[in-house]
Amino acid sequence: MTTISELAARRCTPLKGEQHRLPATDVKAFLAALPGWELVEDGAAIRKTFRFPDYYRTMAFVNALAYVAHAEDHHPDLGVHYDRAVVRFSTHDVGGLSANDFICAAKTEQLA
Ligand SMILES: C[C@H](O)[C@H](O)[C@H]1CNC2=NC(N)=NC(=O)C2=N1
């Protein structure tokens, strides 16, 4: 069983090519470790909405996430609203989900 702490302790690595796309069994196991994250776009991405009391706290989260994304060189798509941020991870370099998406989702959980 993979835990969220195990995923969050890993570092992203540069991955290119569809051979790095995660098999469905790994996707299922990693997703089970990440509360509230859902598979979207026919399994090509994962997404979660994080809710906050106000804009200031939403932006604090988004800025912390931007820092993590820069440090890991793996970047989420973000929908930023007054009281929530919609975070989507997918790896365009592999054309779907890679381990990097789940590592960054776990690091995102640690910020929220
Ligand atoms: C060279 C660099 O590692 C790549 O361009 C990285 C940058 N950040 C990335 N972020 C995401 N979400 N997917 C990628 O394929 C990706 N590729």
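**Ligand surroundings**

The shell around the ligand consists of one nonpolar, four polar and two charged residues. The model described here is a predicted one.

- The residues that surround the ligand are Pro 14, Asp 73, His 74, His 75, Thr 91, His 92 and Asp 93.

**Packing of helices α3 and α4**

- Helix α3 spans residues 55-72 and helix α4 spans residues 99-111; their axes come within 10 Å and cross at roughly 145°.
- The crossing of these two helices, α3 and α4, is right-handed.
- On the α3 side, the contact is made by Phe 61, Ala 64, Leu 65, Val 68, Ala 69 and Glu 72.
- On the α4 side, Cys 104, Lys 107, Thr 108 and Leu 111 take part in the contact.
- Sorted by class, the residues in the contact of α3 with α4 are seven nonpolar, one polar and two charged.

**The largest nonpolar core**

- In soluble globular proteins, nonpolar side chains tend to be buried together.
- In this model, the largest nonpolar core has 16 residues.
- The residues with the most contacts inside this core are Ile 46, Phe 89, Phe 102, Ile 103, Cys 104, Ala 105 and Ala 106.
- At least two residues of the core are supplied by each of α3, β4 (84-89) and α4.
- Helix α4 gives the largest share of the core, five residues.
- Apart from its neighbours within four places in sequence, Phe 89 is in contact with Ala 45, Ile 46, Pro 76, Asp 101, Cys 104 and Ala 105.

How values were computed:
Residues numbered from 1 in each chain as written. Predicted model: local features only at pLDDT ≥ 70, side-chain atom pairs only at ≥ 80, totals over all residues. Near = placed C-beta within 6 Å. Nonpolar A, V, L, I, M, F, W, Y, C, P; charged D, E, K, R; others polar. Axes fitted to C-alpha atoms, helices over the stretch in contact; angles between N-to-C directions. Helix = DSSP H or I, 4+ residues; strand = E, 2+ residues; numbered from the N terminus. Left-handed = near helix turned anticlockwise from the far one by under 90°. Contact = placed C-beta atoms within 7 Å. Core = buried A, V, L, I, M, F, W, Y, C linked by C-beta atoms within 7 Å. Buried ≥ 20, exposed ≤ 12 C-beta atoms within 10 Å, placed from the backbone.
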